[in-house]
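Hi,

Here is the structure I said I would pass on.

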Amino acid sequence: MIELDGAVGAGGGQILRSALTLAMITGRPFRIRNIRANRARPGLMRQHLVAVQAALQVCGGDASGAALGSQDLTFVPGPVHGGDYEFAIGTAGSCTLVLQTVLPALLKADTPSTLRLAGGTHNPMAPPVQFLQRAWCPRLAEMGARIDIHLERFGFYPAGGGIVVARVEPCALLRPHTWMTRGAHRAAYAEAFVAGIPGRVGQRELECVGRAMNWGEDQLLLRALPADQGPGNALMLTLDYEYATEVFTAFGAKSVTSEQVARQVVQRARRYLMSRAAFDEYLADQMMLPLALGGGGRFTLDEVSMHARTNAQVIETFLPVRFTFDQLDGIDRCTVMRNDVG
């Protein structure tokens, strides 16, 4: 039984999600205490509970402490099985975080799988679906994984109501990979998604981005959604390169101006552009577990966060790998190697 303390490091839900994924893949049970201890509302929230329930369905395991608000959980995995699964979060809790919990495990299944999730697709505390589609899945494809994610309906915070469908093919072994540079620039554009709110809100956001980034009208795209998928507003900047794609998102909210929303997303994009790194901190964090499963790899990133260091500790607990963080020519770098190499 692996013992984990959910209060260490970043102290968030990533510790639980990574542990669930790794337990399913390795067959090693774990006990975690102080779940999300460093958050304003500690313990299992709805999306974390659904991640546990999804993992149980996928591997047929057992768990104790799987209840809303629980800060202690014991998880004993069984063998992973492919198939058709449906999960309903019931709130704006993130579908993408649940997907990222079970998809790596389903790569190890014996048959293809289809997952249909209902809940939040676009909220401030999780990557949007487009991040998985444009940034995460293509990098996994380079390692040999075949995952397709389709957004059927947007689900904004706080109402939720979104629908995401994912299909995954079995992959016996992920390949090691290295991303040290972005490569050639291919595209850059901004999208303002609006549902159930005036289109002029998104238009003002795009105008602000255009001025700040010196982008032309063809790079500023207003995406009007059906009113019944709102109310909601997301401003998304996509930077597409030969070896990496990044998606930066900010969300509209009451008492937050269009200028403030645009400023948030522009600041994050500019930090990434100035860093010269292949990945931003969020994509870097999401690629650590796949690289560990593949037995090794390396990438540059714009910032080594406490979130990443905490994730590295959890992964090293389950797998015979080690992570190192250093700098090369002033750029942060993450390297993962098997313990018996080097």
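Let me begin with histidine 122, which sits in the loop between strand 6 and helix 4. Keep in mind throughout that this is a predicted model. Is histidine 122 buried or exposed? Its relative accessibility comes out at 0%, and the cut-off for buried is under 20%, so histidine 122 counts as buried. Its side chain has a polar contact of 2.7 Å with the side chain of threonine 121, and another of 2.8 Å with the side chain of glutamine 130. Leaving aside neighbours within four places in sequence, the residues in contact with histidine 122 include Pro128, Val129, Leu151, Phe154, Phe156, Tyr157, Met236 and Phe251.

Phe154 and Phe156 turn up again around glutamine 229, which touches Arg153, Phe154, Phe156 and Ala195 once residues up to four places away in sequence are set aside. Glutamine 229 belongs to the loop between strand 11 and strand 12 (232–241). At 12% relative accessibility, glutamine 229 is another buried residue. A polar atom of the glutamine 229 side chain lies 2.9 Å from the backbone nitrogen of phenylalanine 154.

Now the helices. Gln130, the partner of histidine 122, is among the buried residues of helix 4, along with Val129, Phe131, Leu132, Ala135, Trp136, Cys137, Arg139 and Leu140. Helix 4 does have a kink of about 40° at tryptophan 136, shortly before proline 138. After the helix comes glycine 144, with a positive phi near 110°.

Helix 3 (residues 95–106) passes the length check too: 12 residues should span 16 Å, and its end C-alpha atoms are 16 Å apart. How many of its residues are buried? The count is 12 of the 12, so helix 3 is largely enclosed by the rest of the structure. Among them are Cys95, Thr96, Gln100, Thr101 and Pro104, as well as Leu97, Val98 and Leu99.

On to the charged pairs. How many salt bridges does a search of the whole structure find? The total is 11.

- Glutamate 3 pairs with arginine 31, with the closest N and O atoms 2.3 Å apart. Glutamate 3 is partly exposed at 46% relative accessible area, and arginine 31 is partly exposed at 24%.
- Glutamate 152 pairs with arginine 116, where the closest N and O atoms are 3.1 Å apart. Since glutamate 152 lies in strand 7 (residues 147–153) and arginine 116 in strand 6 (residues 113–119), the pair links parts 36 residues apart in sequence. Relative accessibility is 39% for glutamate 152, which counts as partly exposed, and 31% for arginine 116, also partly exposed.
- Glutamate 191 pairs with arginine 223, again with the closest N and O atoms 3.1 Å apart. Glutamate 191 is in strand 10 (residues 185–195) and arginine 223 in strand 11 (residues 220–224), so parts 32 residues apart in sequence are tied together. Glutamate 191 is buried, with a relative accessible area of 2%, whereas arginine 223 is partly exposed at 33%.

There is also a network: Arg271, Glu281, Asp302 and Glu303 are joined by salt bridges that share partners.

Finally, the annotated position. Which residue does UniProt give as "active site"? The record, an unreviewed entry, places that feature at His307. In the model, histidine 307 is part of helix 8 (residues 306–318). With a relative accessible area of 27%, histidine 307 is partly exposed. A polar contact of 2.7 Å joins its side chain to that of aspartate 285. Beyond residues up to four places away in sequence, histidine 307 touches Ala10, Gln14 and Asp285.

Cheers

Conventions. Residues are numbered from 1 along each chain as its sequence is written. This is a predicted model: local features need pLDDT of at least 70, side-chain atom pairs count only at pLDDT 80 or more; totals for chains, interfaces and linings use all residues. Side-chain values use heavy atoms; hydrogens and water are left out. UniProt positions are given in the numbering used here, feature names are shortened, and annotations may be inferred rather than shown by experiment. Helices (H or I, at least four residues) and strands (E, at least two) are DSSP runs, numbered from the N terminus. Buried means under 20% relative accessible area, exposed over 50%, partly exposed in between (1.4 Å probe, protein chains only). Contact means heavy atoms within 4.5 Å. A polar contact is a pair of N or O atoms within 3.5 Å; within protein, one must be able to donate a hydrogen and the other to accept it, and residues adjacent in sequence count only if both atoms are side-chain atoms. A salt bridge is a side-chain nitrogen of Lys or Arg within 4 Å of a carboxyl oxygen of Asp or Glu. The bend at a residue is the angle between axes fitted to the seven residues ending there and the seven starting there. The expected span of a helix is 1.5 Å times one less than its number of residues.
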